[in-house]
Amino acid sequence: MPDLYPVELALEKMLEGVAPQGVEQCDLGLAAGRILADSMMATMDVPAFDNSAMDGYALHHIDAGKALKVSQRIAAGVQASALQPGTCARIFTGGQVPPGADCVIAQESTESKGEDEVWIPEGLRAGNNIRPQGCDVRQGEVCLTAGSILEAAALGQLASQGFTRVPVRIRPRLVLLTTGDELIEPGKPLAPGQIYNSNQPMLCRLLERFGAEVVGAWHAPDSYEKTCELLQQAALKSDLVVSTGGVSVGEEDHVKAALQSLGSLEVWRLDLRPGKPLAYGHLPGSQQRSIPFVGLPGNPVSGYVGAWLFLRPLLAKMLACPRRLELPRIQAEAQFEAQNGPRRHYMRVRLNYQSSPPKAEAYLDQSSGVLSSCVQADALACVPGDMRVSQGDLLDCFLLVHD
Ligand SMILES: Nc1nc2c(c(=O)[nH]1)N[C@H]1C(S)=C(S)[C@@H](COP(=O)(O)OP(=O)(O)OC[C@H]3O[C@@H](n4cnc5c(N)ncnc54)[C@H](O)[C@@H]3O)O[C@H]1N2
Ligand code: MOO
C-alpha cells in the first residue's frame with residue numbers, strides 16, 4: 001500500500017469489481033428517488049392528438065378575416081367531430097383540434113357577434129396555437145434512459161405514458177455501525193466525558209439520499225470482540241457495511257483489526273483532510289459473497305466528507321446511476337486565506353453566485369470535529385497539499401447536490 005493513497009486511486013480501488021444491484025418492479029407511486037433499471041420505450045405519442053394551446057376558436061386558416069358561425073364546442077377530454085367547412089369551433093386549452101381545422105385563435109383576439117357567431121381577424125397561419133400529436137414524445141422512442149433518477153419530471157414522463165410499474169434497481173441494503181464507548185443516544189442523560197451520537201442520524205440520512213436502504217443502525221462499544229461480532233452480523237444481512245470511528249491508531253480503535261481478521265483491508269490512510277484514516281475492504285457475507293466495507297473516521301466532518309467523496313460514487317455504481325458517479329464541479333474564487341498542510345484539503349465552503357466566477361466563503365473553523373462547517377456548506381473546495389490560498393485564487397469546488 002502507498003504511504004498515503006491519492007483520493008482518485010482510493011476511489012478507483014473501491015469501485016473496481018462493484019457489481020450492479022438486481023432489478024425489481026416498483027409501483028410508480030412508490031418510485032420517487034429510485035433509479036430506473038431499464039430504458040423505457042414510449043408506447044404512445046404524447047400528446048396523443050393535436051390539441052389547442054389556448055382557450056379560443058379552432059378554424060381553417062383560409063376562413064380567417066370574417067365572421068364565422070360557431071358549429072361545435074370542444075372542451076378538454078371530449079372527442080371532436082369534423083369541422084363543418086366555413087365555420088369555427090369553440091375550443092378550450094387541451095381540447096382536441098377537430099379534423100378540418102388547422103389553427104386556433106385565442107378568444108381575446110376575436111370579437112363576439114352574438115351567440116353563435118364570432119369575428120376572426122386576418123393573418124392566421126396553419127399550426128397557430130396547436131400542439132401537434134407527438135411533439136413531446138413519439139411512440140417507439142426512448143423516453144427515459146436506464147440509470148435515470150426518478151425525480152419529479154421523470155415520474156411525470158412515465159405517468160404520461162400510462163405506466164403503473166417500473167423496473168428499478170434494488171436499493172443496496174446497508175448496515176451502519178457507529179463505534180465508541182463515549183457515544184450516547186439523544187434523549188438519555190450524558191455522564192462526564194460522554195457525547196451524543198451525531199454521526200448516526202447524519203450518515204443514515206446521507207446514505208439514504210445516496211440510494212441505500214439502511215437496514216440496521218447499530219452501535220459497537222470499544223471492544224475488539226464485540227466489533228468483530230457486529231461487523232460479521234452486519235455483513236450477513238447487507239450489501240454494504242459502513243462504520244464510523246475506530247479506524248485510527250489508538251488502542252481503542254478496533255475496526256481495522258477486526259476487518260483484517262474477518263476479511264481484508266485493501267485501502268487505508270488517504271492523502272485527504274479531513275478523513276485520512278478512512279479504511280476500505282471486504283467482509284465475508286452470506287452464500288460466500290464478499291461484502292464491501294467502508295470504515296469512515298469518527299470525527300463528524302471526516303465522516304460527512306468521506307461519505308460524499310466515496311460512498312456516493314460507490315452506491316452510484318451499485319445502482320448503475322452514472323449521474324451520481326461524480327460530483328458536479330465549478331471554479332470559484334477563494335474569499336479567504338489559508339495555508340494548507342501536506343494533505344489535500346476539502347474545505348467546506350458556501351458559494352455566492354452574485355458574481356462570476358462565484359465566490360467561495362469558507363467556514364472559519366475547518367477542524368474535523370466542527371460539524372457546523374458542514375451545516376453551512378454547499379460545496380467542498382479542493383485545496384492541493386501545501387498550497388497557500390490567497391483571496392481571489394481560483395479553486396475547484398465540488399457541489400454537494402443530491403441529484
Ligand atoms: N496518533 C494519531 N491520532 C490520530 C490520528 C493519527 O494519524 N495519529 N489521526 C486523527 C485523524 S486525522 C482522525 S480523522 C481521527 C479518526 O479517528 P477514528 O476513526 O479512530 O475515530 P475515533 O477515535 O473513534 O473518534 C474520533 C472523534 O470523533 C468522535 N466520534 C466518533 N464517533 C462519533 C459519533 N458517532 N458521533 C459523534 N462523534 C463521534 C469521537 O468522540 C472522537 O472525538 O483520529 C485522529 N487521531
Ligand atoms: O483526517 Mo482527520 O479526518 O483530519 O480529523
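**Aromatic rings and their contacts**

Arginine 90 lies over the face of tyrosine 57, 5.0 Å from the ring centre (a charge sits over a ring if NZ of Lys or CZ of Arg is within 6 Å of the ring centre and within 35 degrees of the ring normal). Arginine 269 is likewise placed over the face of tryptophan 268, at 5.7 Å from the ring centre. The model is predicted: local features need pLDDT of at least 70, side-chain atom pairs count only at pLDDT 80 or more, and totals for chains, interfaces and linings use all residues. Residues are numbered from 1 along each chain as its sequence is written, and side-chain values use heavy atoms, with hydrogens and water left out.

Rings of Phe, Tyr and Trp (its six-membered ring) pair if their centres lie within 6.5 Å; planes under 30 degrees apart count as stacked, over 60 as edge-to-face and the rest as tilted. By this rule there are 3 aromatic pairs. Phenylalanine 210 and tryptophan 308 form an edge-to-face pair, 5.0 Å centre to centre with 75 degrees between the planes. Phenylalanine 210 lies in the loop between α3 (199-209) and β16 (213-220) and tryptophan 308 in helix α6 (residues 300-318), so the pair ties together parts 98 residues apart in sequence. Helices (H or I, at least four residues) and strands (E, at least two) are DSSP runs, numbered from the N terminus. Phenylalanine 210 is buried, with a relative accessible area of 1%, and tryptophan 308 is buried at 2% (buried means under 20% relative accessible area, exposed over 50%, partly exposed in between; 1.4 Å probe, protein chains only). Phe210, Tyr304 and Trp308 form one aromatic cluster.

Note on methods: Chains lettered and ligands numbered in written order.
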